[in-house]
Amino acid sequence: MGDPRADADHPGQPEIRFVLDGDVVRVRDVSPQTTVLEYLRERLGRTGTKEGCAEGDCGACTVIIAQRDRAVEGALAWQAVNACVRPLPTLDGKALFTVESLQGADRSLHPVQAAMVECHASQCGFCTPGFVMSLFSLYKRVHAPTRAEIDDALSGNLCRCTGYRPIIDAAQRMGALTLPTGWRGPGVDADGARVVSDEERALAATLKTLEREHGLDYTHAGQHYHAPTTLSELAALRAAHPDAQLFAGATDVGLWITKQHRELGTLICTGEVAELREIVRDDRSLSIGAAVTLSDAFAALDADYPMLAEVWARFASVPIRNAGTLGGNVANGSPIGDSMPVLIALGASVVLRCGEARRAMPLEDFYTGYRKSALAEGELIEAIRVPRARAGSEIRAYKVSKRFDQDISAVFACFHLRRAGERVESMRIGCGGMAAVPRRATRCERALEQGGWNESSIAAAQRALDADFSPMSDMRASAGYRRTALSNLLRRFWLEMQQPAAPTRVLEYATR
């Protein structure tokens, strides 16, 4: 577990400190690029957590991280994450729970585990610990989960032997078994109220003692890791280390470690910066801090734009959304990232900061080339500013991929229409997978604004899409398929707007 002595005994050499099964673990002797999975298996001998894909897709490595819940005094916020791409220093000040943590003091199975046994939900068993941890996270968040909630909770876990029916049976069964005491118990009662045990309060109190005033500065073998807690500290670090690698949830950077085996040099984690975790809503806009997790950002956007709920549910998986951030997704600049086409269609802007100076620009102007942006040296993303929803806007987003859950888009399109009868007042179309950067379909937009909202104008706008993009062929789709798919999505939007109340989505049918 590393050197057990406290930071005060080693000035200038802070430890990584986190809580595991009620005990504070102190780490001083590992590279900051060490993943949580690697540390669990190779240092602590906790081999229940498995390595499958090592890229956050299969879910065999799922663990739970708990932090103090700022909304409920003495409570913890429980989240499933992927241990395989999570750098160990990001655990600092948090509590970690693995599949071994769930057993009772008498070594009895947790209801989640017992339900998996009763429902014959495991065959080879390799993926089972990950399923158990995802279901435990659901157990802490929802009483009597619906089928849709179960499916969403399991979206980041892959099973190729048992199949999902008995696992879903176990998810429906687990709440009916004998309830454990302490933090292992349910997090919500039958009335929907939070359940906070004395043991959970004690864990929250322990985490409070681990909080740092100025964040973690950790060094090992000449490699530095910084996790500032204020925006001014982050800006100063960024200016002092312009070549440092910034990250928040490491859902992309983690793959550079596990797949490319890169030495990343100085690391600066933005995930602990209080100002970057804020969501501010006023009459004009919704400002989402760059370090707000995707789960929280999408929940905030759902309040204004409920029609986008399906595409957010199809964005990666619950563990990835719990770790990844909206700012990280925007900064990544992938041409197949799902958030950017939506944000562009909504008219979002990005707020950039260098030192104490700020500037803002439309998100559509932020990308200058493949994985290139307008960020200047020493500059970072502070927030994404999204206009508040306006009455009369018609908005739909569509993702075309080979799998429904946890897959990368071949084509993504978001349409944002404002009209008065057949007169199109404005049309914004954000597209992904069609160019080297997320982009607007400007020619198509003009065709609709000039031609109006009618059948002949839609046909002309479909032809204009061909002039907007020159997509490439790759393993996900050919250029011709992408052109045809995007054209058909425009027509689908037209048809859906003719009968907006008609259910046309999988999730709409699932909840009827």
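Is T128 buried or exposed? In this predicted model, where local features need pLDDT of at least 70, side-chain atom pairs count only at pLDDT 80 or more and totals for chains, interfaces and linings use all residues, T128 has 14% relative accessibility and so counts as buried (under 20% relative accessible area; exposed is over 50% and partly exposed in between, with a 1.4 Å probe and protein chains only). Residues are numbered from 1 along each chain as its sequence is written, and side-chain values use heavy atoms, leaving out hydrogens and water.

T128 belongs to helix 3 (residues 128-141); helices (H or I, at least four residues) and strands (E, at least two) are DSSP runs numbered from the N terminus. Leaving aside residues up to four places away in sequence, T128 touches M116 and S122, contact meaning heavy atoms within 4.5 Å.

M116 leads on to the largest nonpolar core, where W78, F97, M116, L135 and F136 touch the most other members among 40 residues. Such a core is a set of buried Ala, Val, Leu, Ile, Met, Phe, Trp, Tyr and Cys residues joined through side-chain atoms within 4.5 Å. Helix 3 supplies the largest share, 7 residues. Another core, of 39 residues, lies apart from it and includes L294 and F366.

Turning to the strands, an open antiparallel sheet has 4 of them in the order 17-18-19-20. Strand 17 (394-400) and strand 20 (439-440) are at the edges with a single partner strand each, so one side of each has no neighbour in the sheet.

How values were computed. Pairing = 2+ DSSP bridges.
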